[in-house]
Amino acid sequence: MVDIFGFCKYSTKTAFGRIIAGKLPEGQAEKARKRKKRTAVRKQKQITDDTLFCAGWMVVITSLGAGYCGEEILHLYRSRWQVGLLFKRFKQNFSVTSLKAGNKNYTETEVLLWLIIWAISERQLFLAECFLAGKWDSLLILQI
């Protein structure tokens, strides 16, 4: 892991900044490299060795200070990314484009409702895939 502290100056303002880079597990790194290669082929561009090397790392730029260790920050951002992906799935699969921001309780209830609906639909999708693939063992285990 690489953890660099510094200052960034833009125009007349100076701000604290921190760059944290953590190496991805080999399986994830290989998937990221394959995605980069596919994108380069699709866009008819040459891919560099530097790009393939960087695809194996997770890089976070933050203003969080030394009160947090680099591992904590990477963990927080990974968790935050998963929440972002969940909202992306809501928008894609259920046509959720916006949430009403009137009342905090209303918004929390609506998000929980979409989460429940998503979980039910994911389970139904899994059961359908098992049925179509003829994996009766998986279906029997889930029914118990």
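**Notebook: fold and helix packing**

I began with contacts (heavy atoms within 4.5 Å) and noted that residues 24 or more positions apart account for 45% of those in the protein with a separation of 6 or more. I am working from a predicted model, in which local features need pLDDT of at least 70 and side-chain atom pairs count only at pLDDT 80 or more, while totals for chains, interfaces and linings use all residues. Residues are numbered from 1 along each chain as its sequence is written, and side-chain values use heavy atoms, with hydrogens and water left out.

I then looked up the secondary structure, taken as DSSP runs numbered from the N terminus (helices H or I, at least four residues; strands E, at least two), and found five helices and three strands. From the N terminus on, their order is β-β-α-α-β-α-α-α. The radius of gyration, over C-alpha atoms, is 21 Å, well over the 15 Å that the globule rule (2.2 Å times the number of residues to the power 0.38) gives for 144 residues, so the protein is more spread out than a compact globule.

Next I checked burial: 19% of the 144 residues count as buried, that is, under 20% relative accessible area with a 1.4 Å probe, protein chains only.

Last, I turned to one helix pair. Helix α3 (residues 70-94) packs on helix α4 (residues 104-133) at an angle of about 75 degrees, which makes α3 roughly perpendicular (65 to 115 degrees) to α4. Among the residues meeting there are Phe 87 and Phe 90 in α3, and Trp 114 and Trp 118 in α4.

Terms used
Axes fitted to C-alpha atoms, helices over the stretch in contact; angles between N-to-C directions. Parallel < 35°, antiparallel > 145°, perpendicular 65-115°, else oblique. Buried < 20%, exposed > 50% of the residue type's maximum accessible area, 1.4 Å probe, protein only.
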